[in-house]
Amino acid sequence: DDAGGAAALIGELEQRGFLEPEAQALKDQLEITTSASQSGGVVEARKAADESPEEEELQLRLAEALAAERHFDEAFELCLGIVERDRDGVGQQARDTLVTFFGMPTADPGLVSQARRRLATLLY
């Protein structure tokens, strides 16, 4: 739970020119958590998404905020819904975001497995 210390350690590791998969997953999680906290967290993201439900970007920000707070089930559902409605544009961003979520150390492996299968079904 020491985001500052973890970020410093990741920075030191990056100076070598590469990150191990575990370190990359931690870096991704830190970036999502930082982004979510800067945008006001789940409460503010949900408020914005509820006010403009047609704006997929706001739905994606809400998914990121949810994942940052370890509410992966809802975060996965939001991203999968975006991909289903828009396979290009924001849908592509949602797919990439899902892949990042899948690698996060705090994500539940069972939920990840289910969401991976659903994503594969949507894409093919």
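1. Glu56 is buried, at a relative accessible area of 14%, where buried means under 20% relative accessible area, exposed over 50% and partly exposed in between, with a 1.4 Å probe and protein chains only. The model is a predicted one, in which local features need pLDDT of at least 70 and side-chain atom pairs count only at pLDDT 80 or more, while totals for chains, interfaces and linings use all residues. Residues are numbered from 1 along each chain as its sequence is written, and side-chain values use heavy atoms, with hydrogens and water left out.

2. Glu56 belongs to helix α4, residues 56-68; helices are DSSP runs (H or I, at least four residues), numbered from the N terminus. Its side chain makes a polar contact with the side chain of Arg85 at 2.9 Å, the term denoting a pair of N or O atoms within 3.5 Å, of which, within protein, one must be able to donate a hydrogen and the other to accept it, residues adjacent in sequence counting only if both atoms are side-chain atoms. Not counting residues up to four places away in sequence, Glu56 touches Ile82, Arg85 and Val90, contact being heavy atoms within 4.5 Å.

3. Gln59, also placed in α4, is buried with a relative accessible area of 10%. The side chain of Gln59 reaches the backbone oxygen of Ala49 at 3.3 Å, and, with neighbours within four places in sequence left aside, Gln59 is in contact with Ala49, Ser52, Pro53, Leu78 and Ile82.

4. Helix α2 (residues 21-38) packs with α4 at an angle of about 115°, their axes being 8 Å apart; axes are lines fitted to C-alpha atoms, for helices over the stretch in contact, and angles run from 0 to 180 degrees between N-to-C directions. In this pairing Ile32, Thr33, Ser35 and Ala36 of α2 meet Glu64, Ala65 and Ala68 of α4.

5. The largest nonpolar core has 31 residues, of which Leu62, Phe76, Cys79, Leu98, Phe101 and Phe102 touch the most other members; such a core is a set of buried Ala, Val, Leu, Ile, Met, Phe, Trp, Tyr and Cys residues joined through side-chain atoms within 4.5 Å. At least two residues of this core come from each of α2, α3 (41-51), α4, α5, α6 (90-103) and α7 (109-123). Apart from it lies another core, of five residues, including Ile10, Leu19, Ala23 and Leu30.

6. Arg70 is placed in the loop between α4 and α5 (72-85), and its phi is near 65°, a positive value in a residue other than glycine.
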